[in-house]
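Here are some questions and answers about cavities, pockets and surface in one protein model. Look at the model first, then read on.

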Amino acid sequence: MLPMNELSNRQQDALNRVEANAALQPLFFRKLSGLQWFDELEKRGFFSPDRNPQPTEPDQEGYFSIPGWPVLDYLKKTAPELQLPGNEEFVDKFLIVIRSVSYKAIEDGTTNHRTWWFFAQILQFIPVEKLSLEDISIIRYWLADRFDRMLVWTEIGETLLPRLLADESDHAKVLAVAILSELTLLVWQPKRWGSEDEQEPGFNVDDYHAKEVFTVHARSAGEKLEADGVDVFKGRLVEVFEGTNMGQYSTIWRPAIEDHDQNRGGDETPSILISAFRDSLVGYVDRRAAAASEYIEDLISSDVVVFQRVAIFVVRSFS
């Protein structure tokens, strides 16, 4: 019997054919699974950062094609095996691939959002204790992709964030705060209506998808991360108010702190942040009422009217 990581002659021959004919790779890697293949694929350079395909510009100027990287189908399909006992060494090997490919792209200023999306899907099978804040900085690069951000953003928001929030370890909480900070990162763009000189905030993804994720997970962020989680949404609102005059007129565009039809722009970034701030504060108070009381008092004495209003709303909710 061959050792786990050693391939048979027949398997080696199959790799030889695939290596010699790139046209065979998409189908081959879609069907391939099992960690026993990993070391030989690595040895042959299939995971080399240089093989991460780059966007190409066809004949029509301004349009780009984003090629897929066939071997990623194998990594994604095999990733669940990382959670099985005895496969710990492969966790590190998968992380090396993700990190080396990403760092090479960062160094060269290149990108491939399809690669980042596969990596984001693989992360859900990486043990939390193996992830680092350095990995979160890599995710920031993925989320800044100039061709597509939605696939990675929603994958991180719908799988990695709740996974971290469900983990009670201090390390997971630190990572969750960092992830939440990346998901709420503001991107400033010229206003769609009004003066072209004015800027308005947005997320790295459309407001619809952002609202979906924050509606589901903001309260949990307050419960599990407490003040650190609430502070993420509060800090982003501070950025909005410093970059616009919206803080002065919050009673006009957000007359109700609760979700209500009278709120204008309820599906836009500032209003989404207020709802997430409100929900996270509710979660914090519900989990640690005594500890949250000082936080509430600071909000009520704040110079920012909307912070006062949110605090009063939350207090009344528990009365």
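**Cavity, pocket and surface**

Q: Which residues line the largest cavity?
A: The model is predicted, so local features need pLDDT of at least 70 and side-chain atom pairs count only at pLDDT 80 or more, while totals for chains, interfaces and linings use all residues. Residues are numbered from 1 along each chain as its sequence is written, and side-chain values use heavy atoms, with hydrogens and water left out. A cavity is a set of points on a 1 Å grid over the protein atoms alone where a 1.4 Å probe fits but cannot get out, and lining residues have an atom within 4 Å of a point. The lining of the largest cavity consists of Leu95, Ile98, Leu123, Asp135, Ile138 and Trp142.

Q: Which element gives the largest share of the lining of the largest cavity?
A: Two or more lining residues come from each of α5 (88-108) and α7 (133-142); helices are DSSP runs (H or I, at least four residues) and strands likewise (E, at least two), numbered from the N terminus. The largest share is three residues, and they come from α7.

Q: What volume does the largest cavity have?
A: The structure holds one cavity of 30 Å³ or more. A volume is the space filled by probe spheres set on the points, which are joined across faces, edges and corners. For the largest cavity this is about 30 Å³.

Q: Which element gives the most to the lining of the largest pocket?
A: A pocket is an open set of points with protein on both sides within 12 Å along at least five of seven lines. The largest pocket has a volume of about 750 Å³ and is lined by 28 residues, with Lys191, Glu200, Met246, Glu268 and Pro270 nearest its centre. At least two lining residues each come from β1 (187-190), β2 (199-202), α12 (250-253) and α13 (269-287). With four residues, the element that gives the most is β2.

Q: Is Ile312 buried, partly exposed or exposed?
A: Ile312 lies in helix α15 (residues 305-317). Buried means under 20% relative accessible area, exposed over 50%, and partly exposed in between (1.4 Å probe, protein chains only). Because its relative accessible area is 34%, Ile312 is partly exposed.

Q: What separates the C-alpha atoms of Glu88 and Pro127?
A: Glu88 lies in helix α5 and is partly exposed, with a relative accessible area of 48%. Glu88 and Pro127 are 39 residues apart along the chain, and the separation of their C-alpha atoms is 9.3 Å.
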